[in-house]
Amino acid sequence: MTQALFYLMPPVALSAHITTQSATNTAINTNAALGAMHLMACRLAQQAYIKHQLVYIHCQDKSLALEIDELLWQFEPTAFVPHNLKGEGPITGAPVEIGFDRLGANKSRQLLINLADQAPPFAVNFGQIIDFVANDDQHKAIARERYRQYRDLGIELTTQNLATHPLNLV
């Protein structure tokens with residue numbers, strides 16, 4: 001049975017000079033929350049690669065797929081994660097594939113890291129799914145809907161609050 005783990009992201013600390021809530025500050029907080037979530041997704045992909053797991057990172061759109069690709073290129077050379085955008089790279093595919101279409105990975109993979117607003121219809125083809133709940137109200141509501149979608153697909157669901165139970169990622 002497919003299992004999904006939702007990581008509840010911890011609060012994002014804003015700079016000390018931001019003291020009031022405004023539309024601009026909310027946008028900064030949302031961008032910081034999403035940025036932390038995207039970096040966490042890349043770190044989890046790195047950990048899966050170290051464990052010899054094949055990973056598919058599913059993105060909302062091409063723009064996010066390119067952003068995730070760039071984040072993975074920015075890792076230290078000693079922490080390099082072989083990856084490619086879906087349809088690029090070697091015929092056999094890299095250990096980590098990044099895509100955004102409704103079809104999913106080009107080949108069978110063990111781990112799906114979902115960064116899209118919806119649970120992808122192909123999610124049941126994976127043994128394990130990692131998803132996230134960003135720490136802002138708008139994205140919490142979207143994550144709740146994904147949680148329901150996974151449940152409707154018959155996927156076993158668990159959560160881990162990273163504020164109280166942080167991961168030890170390299």
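What share of the contacts between residues at least 6 apart in sequence in the protein chain join residues at least 24 apart? In this predicted model, the share is 66%.

## Overall architecture

The protein chain has 170 residues, of which 43% count as buried. Its secondary structure consists of 3 helices and 7 strands, and these elements follow one another along the sequence in the pattern β-α-β-α-β-β-β-β-α-β.

The accessible surface of the protein chain amounts to about 9300 Å². Carbon and sulfur atoms account for 54% of that surface.

## Strand E4 and its partners

Strand E4 pairs with two other strands. With E2 it runs parallel, and 4 bridges join the two; within this pairing, Tyr-56 stands opposite Glu-97 of E4. Strand E3, which spans residues 83-85, also pairs with E4 in the parallel sense, here over 3 bridges. Leu-85 has Ile-98 as its bridge partner in E4.

In a regular strand, side chains alternate between the two faces of the sheet. Both faces of E4 are covered.

## The nonpolar cores

The largest nonpolar core contains 33 residues. Those that touch the most other members are Val-55, Ile-57, Ile-68, Leu-72, Ile-98, Ile-113 and Phe-132. Two or more residues are contributed to this core by each of strand E1 (3-8), helix H1 (23-50), strand E2 (55-59), helix H2 (62-73), strand E4 (96-99), strand E5 (111-115) and E6. The largest share, 9 residues, comes from H1. Apart from this core lies another, of 14 residues, which includes Ala-4, Leu-112, Ala-119 and Val-133.

Leaving aside neighbours within four places in sequence, Ile-98 is in contact with Tyr-56, Ile-57, Cys-59, Ala-65, Ile-68, Asp-69, Leu-72, His-83, Asn-84, Leu-85 and Lys-86. One of these contacts, Leu-85, is also the bridge partner of Ile-98.

## Buried Asp-131

Is Asp-131 buried or exposed? Asp-131 counts as buried because its relative accessibility is 0%, and the limit for a buried residue is under 20%. The residue is found in strand E6, which covers residues 128-133.

The side chain of Asp-131 is joined to that of Arg-146 by a polar contact of 2.8 Å. Not counting residues up to four places away in sequence, Asp-131 touches Leu-5, Phe-6, Tyr-7, Asn-114, Arg-146 and Tyr-150.

## Cysteines

A disulfide is a covalent bond between the sulfur atoms of two cysteines. How many disulfides does a search of the whole structure find? The search finds 0. Cys-42 is in no disulfide, and the nearest cysteine sulfur to its own, that of Cys-59, is 8.6 Å away. Cys-59 is likewise in no disulfide, with the sulfur of Cys-42 as the nearest cysteine sulfur. The pair therefore does not qualify, since a disulfide requires sulfur atoms within 2.5 Å.

Cys-42 is buried, with a relative accessible area of 0%. Cys-59 is buried too, with a relative accessible area of 0%.

Key:
Residues numbered from 1 in each chain as written. Predicted model: local features only at pLDDT ≥ 70, side-chain atom pairs only at ≥ 80, totals over all residues. Heavy atoms only, no water. Buried < 20%, exposed > 50% of the residue type's maximum accessible area, 1.4 Å probe, protein only. Polar contact = N/O pair within 3.5 Å; in protein donor to acceptor, adjacent residues only side chain to side chain. Contact = heavy atoms within 4.5 Å. Core = buried A, V, L, I, M, F, W, Y, C linked by side-chain atoms within 4.5 Å. Areas by Shrake-Rupley, 256 points an atom, 1.4 Å probe, with all protein chains shown as cover. Pairing = 2+ DSSP bridges.
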